[in-house]
Amino acid sequence: MRNGWLKFGCFLTGINYDILSTCSELSKKRLLKYTSALLIICLLWMVIGYAFTERYLKGTWYMCLVGSAAMIFLIIQIERQVILSSKDNRGLQVFRGLIAMAMALIGTVIIDQHLFKDDIDKRKLFSMDAEVEKILPGRAKELKRQLKEMDSVILSKESERKFIADDVVKNPFVAIVEQKISYDSSKNKIVTISKTKVPNPKAGLLEPMDKMIVSLRGEKAKKDSLLLGLRPQIEADIKANVGFLDELDVMVDLLTESGVSACAWSIWFAFLLGLELFLLVSKLYETETDYDRRMQQQMELHYRRIDLLKQQAE
């Protein structure tokens, strides 16, 4: 069990297990300490990655898992830069400190936006009214313009139908005059005129016009419903589109106005910053172990081999 844990720790940190297995207990304890700290950080950022992907990237559960795995991979690679580097590398330590502050800030923002979700939603109701007032007039104006145009079309079609219907009532039948020309045996021209009454053909136009008017009135009713429900629809659209920066603005307002919120935010920030800096501080003040000596010995042996090969070549 212990060897398995050591192998897993070597896999995470990048330390050579073959060399570590021959070293003292002190080197193995240091590896276990690094592994525990790294697992805590990875677990925390796994949750942060899942929450961020779910809330702001609108990812499905498997996409959220991919986001969590990406965060874990990123954290491991960053922490390996500290674990595998020399403690005398001041430039890397300063750079890692800056990254730790940035990561603690990002993590605190994402976590607090979930912890303060109800408070943020309440505060967003006030800003939502202002956003609705900006969007509502333009959309309402466009719908009213469309309704006015549809009213004009419906009135025009109804007037046209009334004119046709009145004509059909007055003249249910129309006379069709037919003229036939024939010649007798003496080749004299004979003109025969006949009149036939048939139903007014305009009556066939009434049914298609009725269907068109009913269709236009149905469309107008839909537009009226949209106009009546326009404000709730805009509010629903705003709520559906949760923006990271919008919630960040609300969070800043909440922190500046509430001392309790600012205190809770500061505690989370200090906690995350402490976790991020734990490995860095441990690396700065750690004592040299036989594992470090073995690594140094290997490097010196390789240098000697290179020098011997160079002398032989000369």
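Student: Which way does α1 pass α3, left-handed or right-handed?

Tutor: In this predicted model, α1 passes α3 in a left-handed crossing, where the near helix is turned anticlockwise from the far one by less than a right angle. Helices here are DSSP runs (H or I, at least four residues), numbered from the N terminus.

Student: And at what angle do the axes cross?

Tutor: Roughly 65°, and the axes of α1 (residues 2–13) and α3 (residues 25–55) come within 9 Å. Axes are lines fitted to C-alpha atoms over the stretch in contact, with angles from 0 to 180 degrees between N-to-C directions.

Student: Which residues meet there?

Tutor: Among them are Trp-5, Leu-6 and Phe-8 in α1, and Leu-31, Leu-32 and Tyr-34 in α3; contact means heavy atoms within 4.5 Å.

Student: New topic: is Ser-68 buried or exposed?

Tutor: Ser-68 counts as buried because its relative accessibility is 4%, and buried means under 20% relative accessible area (1.4 Å probe, protein chains only). Ser-68 is found in α4 (residues 61–83).

Student: What does Ser-68 touch?

Tutor: Met-46, Gly-49 and Tyr-50, leaving aside neighbours within four places in sequence.

Student: What covers the buried residues of α4?

Tutor: The cover includes α1, α3, α5 (90–115) and α10 (259–284).

Technical notes. Residues are numbered from 1 along each chain as its sequence is written. This is a predicted model: local features need pLDDT of at least 70, side-chain atom pairs count only at pLDDT 80 or more; totals for chains, interfaces and linings use all residues. Side-chain values use heavy atoms; hydrogens and water are left out. Helices (H or I, at least four residues) and strands (E, at least two) are DSSP runs, numbered from the N terminus. Buried means under 20% relative accessible area, exposed over 50%, partly exposed in between (1.4 Å probe, protein chains only).
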